[in-house]
Structures are given as C-alpha cells and as structure tokens.
Amino acid sequence: MKIICNLLFISLSLLSAQADWLSFRGSAGNGSSDLSIPVKLKIKGEKSWAQDIPGRGLSSPIVIGDTVYLSASSGPYQENLLILAYSSTDGLQQWQRTFKATGRTVCHKKTCVAASTLASNRKVIIAQFSSNDIFCLDLAGNLKWTRGLTFDHPNIANGLGMSSSPVVVNGVAIAQVENDADSFTFGLDVTNGTTIWKKQRPKSANWTSPVVMAKKGQALVGLQSKEGMTAIEPKTGETVWDYQEGASTIPSSAWAEQGIILIPSNGITALQLDDKLQNFRQIWEDNKLKPGTGSPSCHRGSLYVINNANVLSCASVKTGEIKWRLRLKGPISSSPLIAKGYLYVFSENGLGQVVNLHAEKPEVVHTVDLDATILCSPAITQNAILVRSDNKLWKLSN
Amino acid sequence: MKVHFFFFTLIVSQVLADYEKKIIKAFTQVSAHGEGNIKAVEAMDWADQLRPNSIPSLLHAMNQANPVGDNWIRGAIAKIIHATDTLSFPRDQVKAFIEDKKNQGSSRRAAFEILHRSRPASAKTLLSSFLTDPEPSLRREAIDVILEDAENSPLKKQAILLFQKALKNARDVDQIQEASDALKSRGQEINLVTLLGFKTKWDILGPFDNTERKGFNKSYEPESEARHNNSYQGKKSQIQWSSFSSSDRLGLLDLNKHYGELKEVVAYAKTSFYSAKHQKVQFRLGSKNAWKIWVNQELLFARDEYHRGGTRVDQFLIDGELQKGENQILLKICQNEQTQPWTKNWEFCFRVTDSSGQVIEEVSTN
C-alpha cells in the first residue's frame, strides 16, 4: 500500500512539474507544451475564471504547481512594482508584494514597466522590470534579495521601455539590460543577487530575451542582439560561440528539441548544435519566415512563425521547408503557443484563435473574444491557458 | 513565577531588539552593485522573528537607506505583516511617522502605502493634510481629490476656485496641465511657461559635426576654455553664438527652427541662472536626442540615446547644486543620421526645481 501511495505521489509530482510554465514562452523556451488544452476555450467555462489585477502589464503569467505568478506596475509613473500570486483553481489572489522602482519608468504608451515575464527554478521567482529592478522571492512571496541595475548604472535605460525576460539556469539569474547607452548582460547569483559576471553587450536597444539551449544535461544561454547571437556558459558568462550575421532586436529565438536554435535573423536562420553545444553549423535560412513582433514557436519538428501581415507559416525545423500558410486576424503582437496539435494565439484586440495543426489543411477551429487589448503571450496550465490584459487575468478552459 | 515570566519577557524583548538592530544595519548598508547583499540575505531570514512593533523602527531605517535598501525594508515589513494578525498593526505609530515631516519623503510615502493597505480608512483621513507636503507623491494624492471635486462641482465659480487651488499647489506636470486646461475651458488662460519655470532664452551655437554619432563624445570648443570665443569652426562653416528663444506653451526649444532640419549635427545651448543662495536643486530636462549637461563647467550627466520615445517635460531629473549668484548652464543636444519622420526632432525643454518640484525662482539681475 505504501509503495502504491509513493508511486502515486511521484506520478502526481511529475505530472505537476510537467504542467509548470516557468518562464517567457514556457519551460522549453519555445512556446510549446505536451499538455492537452481544450480546443473550445470559454470565458465562462466550468474551469474558467477571470480576475481583476491591480496594475498594468504585458508580461506573461508563469505557473508553478497550482499557483499562477504575474508581474504588474501601478501608480502615476508606474513606479509601483507588483508581484502577484493567484490560485490556478479559482483565481483568488494568494499574495501581493509591492516594491518601488529605483530606475527610470518612462515607457512608450503601448508598453509598460511590467513587460518582462517572471522566471523560476521552482524554488524562487525572479522578477525583472523595465526600471531594471530585479527581485527574487520565494514561492510564498518572501523577498530573498533585490538589485537595482539602473541604480548601479544610471545609463542602462531605454526611453521606449525595456522588455527582456530573465532566465534561471544552473543557479544563475541571467538578465539582458541592453540599450543604446550602457548595455550589459548580468549573471546574478540566485542565492543572494550578487554579480557573478557582467558582460559588455552591443550598444543598441534590444528587447529580446535570453534563451536556454539545453541538451543531455548541458546548458548554454543564447544572447540575441542586432549583431547576431552569442552563446555563453551560464555560470561564467564566457562566450562559447558567436553567430555574427545579425538578428532581430524584438522577436526572440526558439530552441528546438533536435538541438537546433531558430534565430530571427535574415528571416529565420537555423543553427544545428553539436551534442556538447560547443559548435554550430548553419543548416538553413529563409527570409520568407521573418517573424513580426511575436517570437517563433516550435513543436515536434515544426516551426511556427507569424509575420507582420498576421500570416502564420509552418516550416520544417530541420530543413526550413515551408509546409503551409494561414492568414489570421490581427494585429498580433504576442507569441503563439502550441499544445498537442493545436496552436493558440491572441490578437491585440483580444481575439483568441485556435488553429488545428492536425488537419490536412490547417484552419482556425475556434475563437474566443476577450474584448480587451492583449499584448502578452499566453501561458499553459492543466487543461487551460492563461492570458492577461492591463487589468485582468483569465484562465480559459472549457 | 511572575518574576520568571518577567525575566523571560525581558530576554525575548532584548533578543528581538538585537535582531531588529542587525536587520536595520544590514539593510541600510546595502549599496550599489550588490554590495551588502550577502548580509542583507541573512538579515531577511531574521525578519521572521520580528513583530509588528518593529515596523516603525524599520520605517525610520528607510531615512538612512538608499532606494534599493528601501526595497529590502519593504520586503521585511511585508514579511512581518504577512505573518501576523492585522489587529497588531501599529496604526498610530505609522500614522505619526507619516505626519512627521522630518522623516524622508520617500519613507513617509512607503509608510502611507503600508497604512493604506492595512488601514485604508485611516490613510484616507490624511489626504487633505498632504496639500502642501514636501513629498510630491503625497501632495499628488491631495491634488487628485481636489481635481475630482472640481470636476464634479455643479457650480462654475466653485469649480474655478478648486482648479485654482489645485494649480497653485500641484507639482506634477500632468496635474498642472489638467487644472490649466480646465481653467482655460472656463475662460481663464494660464501661462504654463511662467508657472513651470521653463528657461526659454538661450544662446545657441552650432551645427558641429555628428557624423556616425561621433560628435557626442567629441569635446568641441564650448566644452573647454575656448567656450567664450567669438567664432568656431562648425560642421561646414565658421559659426557663432546667437540668441534663441521659445514661445512654446511648454517651453520647447526647437533647434530645427533655427538651423533647418539638419542631420548628424551637434548644437550647444548656454544660459545663466541667478540663484538667491547656494542650494541643492533638480535640473529637469526633456529631450529625445542625445544630450549632455554641465553646470558651472561640471559635467552632471550624459545620455547617448536618440529618438526612443518623444520629448517630455521632466523626462530626466538631474540632481545638482546652484551657487549663490550666477550659474552657467551648458547643454549639448545631438542629432543623429536617422531619416524616418519621427526622428527629425532636434529639441529640448529645461527648468530648475527643488526636489519636490517647486520651481526655483531666479533673482533679478538688475
């Protein structure tokens, strides 16, 4: 009996861990999940809920166990930095922590100070804001440490606002704070926030997020910029390899399970990494796959890109061969997510569109209208997706 | 038995006081670049031991802490509040802390927010007292109430009086504009240039070369002892200082109006500011171009960024000092090579205030 109970507990734990969505575009860093999500998402479904949130934001939710974590900003100058936790079951707020921006909070009106998605290693949450304040909290909302990177370097700021989301890998929180003036990427010790390394980066506004490239127990982090992509060792910040053919400064790269990094460069450029991640080989590039604002996603050998004309393209990760195209309703700023043969994406007008990827001729099979401005990329939890506007968080299920 | 309990209580109090001191020391010693973080992490663990009666001491510690230390303290206070029942919240002490203007404005603001979350009704009773508060964010709360009352007032005369009251006491530009616009729609024109203290008369010199944005880091003569020369070698010809002024509603100085729509150029703007005394001030600059500012030949700040958003009043707040009498202010405003329509602006606006946003009046030079 005890063995059965233990096995059941382990199974449930694994299932729960699999359901976690730990950072921008999920735990795999490519907007995909193996979870099943209902196709017919409903605002008023039995398991759906909507919750008012006390601040603006276009950061995505993250999920750990049955808790949804989110950042927001409020106040006349968006100087209040909020980190929020909600029950994924019923949407009730579990806690709210409020801090003050120590860096600049000026942003373009379309974005705001809470643009970066939280990141977690399941023990702590790392929150980065456009003011370049970084907070580390435990899952109960207790502050572990904080840093004010613009307090340290007054010229790391962007007049339009910053949006890069951090990653947590091998005990290091990696934050890209790159712009026209001072431009750095920091590796911070997750236990205390001290600087393990600081890397000088190209002086150019950059809204992309670092991407974790993990394979067979090893991990590198890709730092994208207008110059290309630099792969670094997360613990030291040392450069392992450099791709120097230029890259976009808005959509971020996607890591495919085949050991291929898909970079928004000359459209999309695919680099195949060796087993130890130490070298790359360019396998294809295609300028017909140029993403718009949202980042590319990939799942089970296929790449999905939405361009500035709201056309969704599906291509082979290995060859770049374009399989099909489908025009969606836009404008679309968020990145798509893919789960079990369906693609979910929201337009800026709040129209959720579900595309059946199984079908011979893929098509939109369901829509849900949130009647709100949606700029964030949705997140996945058990049987539902999570999406937020400037004042509301939704769990959409059936 | 009673004696034992007394000593036990005494020891516990002493231990808690020691924790409190250690925590405050750690948080007030946090400095830039993560300095002090390791001790602050340890101290945050000890915060589990604290009780709500430590909140006033932690708020006082904010008076000594820098803004990052303030956030550590916010974290500790949140921990205390989260772990204890709401009844033990020291409302009266927190309220007294807010009312005591000897405390730092940012600390009082933090105390107000904590009070507002724990005792919103109590916090609300303070709002009207913030009308002339030296802390701009508290003053803003009182102005918000007046603006709302004015907007809802059915009587035009009463509304005008309320908008005038808001205008007189407001420090934030958006609130000043709101009150000014409301008065204008009721037949009262407000001179915002005078009210906000914009410097609108400058001597300007340019254009110097900024090809490939290299002019930003190049020290042209106005940055050196040669700043008083009569003539300089500009980008294409000899150039001289000339007078330039603005009649814009918000004091914007459009350099394109003087030089034409040039690209890859640098201009300098200089003016004098006559101060009644030696004082700490904020130089408030708005510009979507790359810029540098010197006051009395000291470089205060430089920002190498072009056209990331529009020019805004009070876009950059630069702390500095004025000496008694004449102060020389020099700005360097750079234009880059971009050709998109939204990159043609070459402009700035400038004013001088105290830290609360109160305009520093110049003394007469006559």
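**Figure 1. Salt bridge between B:Asp181 and B:Arg249 in the predicted model.** The closest N and O atoms of B:Asp181 and B:Arg249 are 2.8 Å apart; a salt bridge is counted where a side-chain nitrogen of Lys or Arg lies within 4 Å of a carboxyl oxygen of Asp or Glu. B:Asp181 belongs to helix α10 (residues 173–185) of chain B and B:Arg249 to the loop between β4 (242–245) and β5 (253–254) of chain B, so the pair ties together parts that are 68 residues apart in sequence. Helices (H or I, at least four residues) and strands (E, at least two) are DSSP runs numbered from the N terminus. Over all chains, the rule gives 30 salt bridges.

The model is predicted: local features need pLDDT of at least 70, side-chain atom pairs count only at pLDDT 80 or more, and totals for chains, interfaces and linings use all residues. Residues are numbered from 1 along each chain as its sequence is written, chains are lettered from A and ligands numbered from 1 in the order in which they are written, and side-chain values use heavy atoms, with hydrogens and water left out.

**Figure 2. Interface of chain B and chain A.** About 3,100 Å² is buried between the two chains, 53% of it on carbon and sulfur atoms; buried area is the accessible area (1.4 Å probe) that two parts lose on being put together, summed over both. B:His33, B:Asn71 and B:Arg308 supply 20% of the area that chain B buries against chain A, more than any other three residues. Chain B contributes 36 residues to the contact and chain A 40 residues, contact meaning heavy atoms within 4.5 Å.

**Figure 3. Salt bridge between A:Lys100 and B:Glu113.** The closest N and O atoms of this pair are 2.5 Å apart. Across the interface of chain B and chain A, 2 salt bridges are found. On the side of chain B that touches chain A, α2 (37–46), α4 (67–83), α6 (105–118) and β9 (298–303) of chain B each supply at least two residues. The most come from α4(B), with 9 residues. This side of chain B comprises 12 nonpolar, 10 polar and 14 charged residues; Ala, Val, Leu, Ile, Met, Phe, Trp, Tyr, Cys and Pro count as nonpolar, Asp, Glu, Lys and Arg as charged, and the others, Gly among them, as polar.

**Figure 4. The largest cavity and the second largest cavity.** On a 1 Å grid over the protein atoms alone, a cavity is a set of points where a 1.4 Å probe fits but cannot get out, and lining residues have an atom within 4 Å of a point. Grid points are joined across faces, edges and corners, and a volume is the space filled by probe spheres set on the points. The largest cavity holds about 70 Å³. Of its 14 lining residues, B:Ser287, B:Lys288, B:Glu305, B:Arg308 and B:Gln315 lie nearest its centre. The second largest cavity, of about 40 Å³, is lined by A:Arg104, A:Val106, A:Ser130, A:Ala157, A:Asn158, A:Gly161 and A:Met162.

**Figure 5. Backbone geometry at A:Pro331, B:Pro207 and A:Arg122.** The peptide bond from A:Gly330 to A:Pro331 is cis, with omega near 0°; A:Pro331 is found in the loop between β26 (322–327) and β27 (337–339) of chain A. B:Gly206 and B:Pro207 are also joined by a cis peptide bond, with omega about -5°, and B:Pro207 is found in strand β1 (residues 201–209) of chain B. A:Arg122, although not a glycine, has a positive phi of about 75°.

Notes:
On a 1 Å grid over the protein atoms alone, a cavity is a set of points where a 1.4 Å probe fits but cannot get out, and a pocket is an open set with protein on both sides within 12 Å along at least five of seven lines; lining residues have an atom within 4 Å of a point.
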